[in-house]
Amino acid sequence: MDLNYDPQKIEAKWQKRWAEAKLFASEVDPGRKKYYVLEMLPYPSGDIHMGHVRNYSIGDALARYMWMKGFNVIHPIGWDAFGLPAENAAIQHQRHPSEFTFSYIDRMREQLKRIGFSYDWRREIATCLPEYYRWNQWFFLKMYERGLAYRKKSRVNWCPKCETVLANEQVVDGCCWRHESTPVVERELEQWFLKTRAYAEQLLEDMKQLVRWPERVLVMQQNWIGKSVGTEVDFRVAELEDPLRIFTTRVDTIFGCTALFLAPEHPVVERLIARSKSPEKLRVEVERVKASAVRAWVGVNLEKQGVDTGSRARNPYNGESVPVWVANFVLMEYGTGAVMAVPAHDQRDFEFCSAYGLPIRTVIVPKDATDIGAASGTPTDAFVEYGRLVNSGPYTGLTSEQAIERMTRDAEAQGFGKGTVQYRIKDWGISRQRYWGTPIPIVYCGACGIVPVPEADLPVVLPSNVKLTGQGQSPLAGAPEFVQTRCPKCGGAARRETDTMDTFVDSSWYFYRYTDPKISTAPINKAAVEYWFPVDQYIGGIEHAILHLIYMRFFTKVMRDIGLVSFSEPVARLFTQGMVIKDSVKMSKSKGNVVDPTEMCAKYGADTVRVYVLFAAPPEKDLDWSDAGIEGMRFLHKVYRLVARHAAGSAGVPGSAGVSPVDAHRKWSPADLSPDERRLLRKTHQTLQHVTEDMEGRWHFNTDVAMIMELLNECSDLDGAAEAGRIRPEVFRNALERLVLMLSLFAPHIADELWEALGHIEPAIRAPWPGFDPALAAEEELEIPVQVNGKLRGRIRVAVGTGKEEIQRRALAEEKVKQYLNGRQPVDVIVVSQKLVNIVVK
């Protein structure tokens with residue numbers, strides 16, 4: 001066996017063998033325990049980057065471990081292939097988006113194979129293929145049948161220069177991402193929506209099942225869903241026939257209401273303008289406020305602005321008349337689009353009312369306040385906590401909790417309000433005025449109105465001869481052969497919907513399709529899904545905590561309700577890995593700090609790249625890439641030379657290469673071993689214990705790699721003992737084989753090369769995971785730090801189980817400690833059982 005490590009040769013050899021053997025293929029097998037490992041599928045926009053490599057190396061290590069633990073593992077990959085980048089590239093280069101997409105897929109597939117990930121490539125999917133997106137359309141039709149898909153006018157971001165709609169992420173500081181000096185404006189367009197809000201309570205309630213999800217993700221989802229229990233209250237406005245209904249979570253503060261605030265697009269605003277003393281002047285002011293509200297909607301820091309409509313509303317609790325304002329921070333999508341201003345008890349209201357000179361009246365004081373009869377003077381800040389009511393008529397003296405309950409009950413009894421629940425989450429707007437996406441399966445008929453495409457006519461195929469300009473209306477609207485069709489109901493002339501679906505639809509159910517990617521009669525194979533689901537481990541970035549991870553949960557609940565699946569949550573355990581950064585900033589082409597994995601594999605080998613991305617930082621933390629760091633990863637060269645020498649019997653260890661696997665795998669008792677053998681197997685089994693426990697939960701892969709390095713050093717240090725006969729060949733091989741099996745999780749190519757050299761026919765992934773022996777892993781001696789007055793002054797080594805008196809005697813006799821004591825007698829000696837000694841002196 002060649003003693004020089006050649007990663008290029010070894011990796012090509014084993015990738016070829018794995019592919020020929022279909023090593024990572026799996027099938028439904030009810031007689032075996034299953035394990036579903038899933039990483040978030042990539043968007044094919046160019047090259048694989050180090051963020052992908054890190055994500056997929058984590059999943060690959062887990063998949064290999066589970067194979068070795070005896071599980072039937074499914075580990076698939078595919079392509080989130082629709083999207084705006086390919087369309088923009090097509091516009092720029094005057095080529096079809098599919099050309100870019102499939103060329104990128106081919107390139108990225110080869111890169112992933114070059115790194116040696118254990119994917120079952122038979123299950124590969126691409127969401128831009130008709131055989132996939134026809135089922136996007138099928139799901140849309142099923143939701144439409146159930147009233148979960150609907151069409152309405154909605155606000156969108158509009159670039160006047162591009163003459164097109166922009167996604168929120170394409171708005172930078174209130175301007176178009178392409179034209180940084182062009183402010184984005186608001187337009188209303190007819191859009192298709194899915195009723196995610198109908199599942200808001202289930203999305204919250206079912207979080208109880210997500211006990212193995214990061215708490216951070218759950219909190220982010222809870223905040224995004226934004227459940228608010230509150231009260232709706234009707235204020236009468238003289239200019240309006242119907243009352244103006246507001247929503248508040250703090251009805252206990254309503255005696256401090258000094259104004260009402262309306263969202264600029266609230267339907268009553270136009271009526272209030274028409275009945276004002278100066279309609280044109282007021283309309284101009286409302287439009288100014290409305291324009292600034294667009295900036296709030298797209299997440300830009302907002303200067304609070306408003307305008308008094310001149311109308312007044314009557315507070316039903318105290319009969320007081322308060323002004324009605326239009327304010328840019330009130331959202332029509334939340335509550336009723338109307339809120340009461342209680343500036344003494346809401347910081348946002350406090351800032352607005354202070355700026356506009358509106359009254360500020362205290363009606364809540366701390367519960368422990370001594371004088372609750374009154375509160376006078378203007379506060380300097382809002383008191384936003386629950387407390388006790390003052391200046392609140394018959395409710396004065398109640399706690400906030402008591403008042404909310406009683407005041408809500410009184411509103412219901414007197415007919416001017418009711419208790420209710422609101423959610424911050426909006427229905428999911430899926431319409432995109434883009435080409436490279438799933439066509440929405442709807443036609444518009446002059447006689448029949450909105451008509452869904454029959455299921456038998458799916459897929460509605462994306463036409464290929466569409467001119468892409470990036471400007472104006474949806475590109476599909478410029479393809480008359482696509483637009484012009486016949487009505488499925490009456491057969492008359494009709495036109496197709498020309499918007500395409502949000503690409504989050506594609507990624508909301510792709511992981512189901514992996515279980516049977518070729519099925520043509522249904523979106524999923526129910527029997528296969530019942531076997532493989534839930535996903536046991538999902539791995540991806542924290543940036544997907546909100547949209548993707550909420551949408552996939554929503555889709556699963558819809559699939560449950562239409563009878564496709566029997567469960568409510570698709571993923572049992574979620575892990576969010578950190579980013580890969582360089583020079584303290586996120587890698588990006590624009591910053592010129594991207595590291596090419598293909599180049600790194602050519603230079604160092606795929607195994608070295610994989611080991612480095614797992615060793616350089618804990619997986620949940622950001623990894624700051626270091627060229628010097630990967631350059632210094634000579635560990636695999638060292639392990640290769642050591643194992644290769646012993647496998648070839650060239651290290652002077654008689655019979656090592658000829659040791660049978662039976663001897664190598666026998667269980668050893670500490671009593672059967674020489675001191676050097678005990679030392680070697682102690683380190684081996686300590687490492688095994690650490691890696692095993694990490695793979696089962698903690699995922700400290702960086703320390704796993706570090707411990708394997710330490711085990712290699714121990715083997716190297718004891719090489720001479722093996723040559724001298726103080727370690728039997730079968731014992732040394734026992735340690736080497738376990739080292740190789742642990743290494744196979746992180747560097748599978750070199751591990752399989754060494755496993756074969758040690759006499760095994762099957763790859764390491766087919767070997768059972770070796771168990772650790774606690775008796776062999778146990779330390780014989782402990783190192784105990786010795787402190788004097790709390791400061792470290794020395795260390796002692798004692799046998800495990802040594803009594804406190806002997807530990808104390810040894811500590812006081814330690815030379816460095818004696819020098820420091822310099823004859824002083826201890827006041828006290830504190831021995832923390834086999835962990836620490838602290839000597840107290842004056």
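# Questions on a predicted model

Trainee: Where does Q94 lie in this predicted model?

Mentor: Phi of Q94 is near 55°, a positive value in a residue other than glycine. Helix 3 covers 84-93 and helix 4 covers 97-115. Q94 is placed in the loop between helix 3 and helix 4.

Trainee: Does Q94 count as buried or exposed?

Mentor: A residue counts as exposed when its relative accessible area is over 50%. Q94 has 63% relative accessibility, so Q94 counts as exposed.

Trainee: What is the relative accessible area of N391?

Mentor: N391 lies in the loop between strand 15 (388-389) and helix 11 (400-414). Phi of N391 is near 50°, again positive in a residue other than glycine. N391 is partly exposed because its relative accessible area is 30%.

Trainee: What is omega for the cis peptide bond from F533 to P534?

Mentor: P534 sits in the loop between helix 14 (526-532) and strand 24 (537-541). The bond that joins F533 to P534 is cis, with omega near 5°.

Trainee: Which side chain of opposite charge is nearest to E497, and how far away is it?

Mentor: E497 lies in the loop between strand 22 (493-496) and strand 23 (500-501). E497 is buried yet has no salt bridge. The nearest side chain of opposite charge is R151, at 4.1 Å.

Trainee: Which side chain has a polar contact of 2.2 Å with E497?

Mentor: Not counting residues up to four places away in sequence, E497 touches R151, W192, I440, I442, Y444 and F482. The side chain of E497 makes a polar contact of 3.0 Å with the side chain of W192. The polar contact of 2.2 Å joins the side chain of E497 to that of Y444.

Trainee: How many residues does the protein have, and what share of them is buried?

Mentor: The protein has 28 helices and 32 strands. Its C-alpha trace spans about 105 × 85 × 50 Å along the principal axes. Of the 842 residues, the buried share is 55%.

How values were computed
Residues are numbered from 1 along each chain as its sequence is written. This is a predicted model: local features need pLDDT of at least 70, side-chain atom pairs count only at pLDDT 80 or more; totals for chains, interfaces and linings use all residues. Side-chain values use heavy atoms; hydrogens and water are left out. Helices (H or I, at least four residues) and strands (E, at least two) are DSSP runs, numbered from the N terminus. Buried means under 20% relative accessible area, exposed over 50%, partly exposed in between (1.4 Å probe, protein chains only). Lys and Arg count as positive and Asp and Glu as negative; His and the chain ends are not counted. A salt bridge is a side-chain nitrogen of Lys or Arg within 4 Å of a carboxyl oxygen of Asp or Glu. A polar contact is a pair of N or O atoms within 3.5 Å; within protein, one must be able to donate a hydrogen and the other to accept it, and residues adjacent in sequence count only if both atoms are side-chain atoms. Contact means heavy atoms within 4.5 Å.
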